[in-house]
Amino acid sequence: MTTEASPLRIVRRSAPHVLLVVAALLVATPLLWALKSSFTPTGEVMSTGLFQLPSRFTLDNYLLGWQSSPFATYFVNSFVVAIAVTALTLIGSVTAGYGFARFVFPGRRALFVLTLAAMMMPFQAIMIPLFVQVRSLGWLDSYAGLIIPGAVSAFGVFLMRQFLAGLPQALFEAARIDGAGELRIFLTIVVPLARGPLAALGALTFLASWNNFLWPLIVVGSTGMTTVPLGLSQFRGSNATDYGQVLAVSMLAAIPVVLVFLALRRHIVASFASSGLK
């Protein structure tokens, strides 16, 4: 009985690991092909197989791709926008989440329901009204138009509210007994305890802002305000596309987001688990 059940037990234990390996290979294979193709001569990108090495490896795609457009300006714009959006989102999310979690005020439930509704609203549904509002404020083709519409995150407010609501009330009562005011409690207790969720939210916000293409496409009208995703779209020619240069610059554009994710990946997983998201 034991010997018959042992192979079945081994299969049950190993099946999840096998599925994870297969899923990882499915995700990694296109990325590895893109990395290989970025070092492949342009004429061989589409002619070499998925696991076939090119005739030679070259850096021409990186050099020519970087020189074809002012990518230094594009990278600076993307960094400014991503960092500003991330900082404003973290400040707004932790303050609003703390308010929802620890204060009772008229309309709190209705406001939180509106926050949840905003999470379910696709961006395409508010894209045109948002553009009209930004245009009326004179923010087209400016950092304000790129940053301010993305500076508030309904998901961030929900994430911080879920985390802060789980903190013990006795912690705040002890601080008030010691004479601490609400601002001091927020800065010395809430913010340090929320470093993990804030790091996860910051990583996710930075990734989303860095890779955002649709909104900059709408509000940007000059080369000086172009971001990296918009710059990559300029490689698309009327007759042909230089895929080698596209992949090379894409690899460079992926470096910041990969570094941010690797540095904060543990916080991302832990925060999703603690927030109750499935």
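Q: Let's start with L259. Is it buried or exposed?

A: L259 is exposed, at a relative accessible area of 55%. The general idea is a cut-off: exposed means over 50%, so this leucine clears it. Keep in mind that we're looking at a predicted model. L259 belongs to helix α13, which spans residues 243–275.

Q: And how far is the C-alpha atom of L259 from that of A203?

A: Those two C-alpha atoms are separated by 10.0 Å, while the residues sit 56 apart along the chain. For another pair of this kind, take G166 and A101: they are 65 residues apart in the chain, and their C-alpha atoms are separated by 8.6 Å. G166 is in the loop between α7 (154–165) and α8 (169–177), and it counts as exposed at 59% relative accessibility.

Q: What about the other end of the scale? Where is S38, and is it buried or exposed?

A: Buried means under 20%, and S38 comes in at 0% relative accessibility, so it counts as buried. You'll find S38 in helix α1, residues 2–38.

Q: Which residues does S38 touch, leaving out those up to four places away in sequence?

A: With those set aside, S38 touches T58, N61, Y62, G244, L247, A248 and M251. One of these, Y62, also has a polar link: the side chains of S38 and Y62 are joined by a polar contact of 2.8 Å.

Q: Where does T227 sit, and is it buried or exposed?

A: T227 is in a loop, the one between α11 (214–219) and α12 (228–233). Not counting residues up to four places away in sequence, its contacts are Y74, N77, S78, L146, N212 and P216.

Q: How should I read the "transmembrane region" annotation, and which residues does it cover?

A: Treat it as a record to set beside the model. The unreviewed UniProt entry puts that label on residues 71–98, 110–131, 143–164, 185–207, 213–232 and 244–264. For residues 143–164, the model has 73% helix and 0% strand, with the end C-alpha atoms 32 Å apart. For residues 213–232, the figures are 55% helix and 0% strand, and the end C-alpha atoms lie 10 Å apart.

Q: Now charges. How many salt bridges does a search of the whole structure find?

A: Side chains of opposite charge can pair when their charged atoms come close. Here the search finds one salt bridge. The side chains of E182 and R176 form a salt bridge, at 3.0 Å from N to O. E182 is partly exposed at 33% relative accessibility, and R176 is partly exposed too, at 32%.

Q: Which residues make the nonpolar surface patch?

A: F103, F105, L111 and L114 make it, and it covers about 350 Å². Take F105: it lies in the loop between α3 (71–102) and α4 (108–120). With a relative accessible area of 31%, F105 is partly exposed. Patch members need over 30%, so F105 gets in.

Conventions. Residues are numbered from 1 along each chain as its sequence is written. This is a predicted model: local features need pLDDT of at least 70, side-chain atom pairs count only at pLDDT 80 or more; totals for chains, interfaces and linings use all residues. Side-chain values use heavy atoms; hydrogens and water are left out. Patches are made of residues with over 30% relative accessible area and no salt bridge: like charges are joined within 9 Å, nonpolar side chains (Val, Leu, Ile, Met, Phe, Trp, Tyr) within 5 Å. Accessible areas come from the Shrake-Rupley method with a 1.4 Å probe; for residues, only the protein chains shown count as cover. A salt bridge is a side-chain nitrogen of Lys or Arg within 4 Å of a carboxyl oxygen of Asp or Glu. Helices (H or I, at least four residues) and strands (E, at least two) are DSSP runs, numbered from the N terminus. Buried means under 20% relative accessible area, exposed over 50%, partly exposed in between (1.4 Å probe, protein chains only). Contact means heavy atoms within 4.5 Å. A polar contact is a pair of N or O atoms within 3.5 Å; within protein, one must be able to donate a hydrogen and the other to accept it, and residues adjacent in sequence count only if both atoms are side-chain atoms. UniProt positions are given in the numbering used here, feature names are shortened, and annotations may be inferred rather than shown by experiment.
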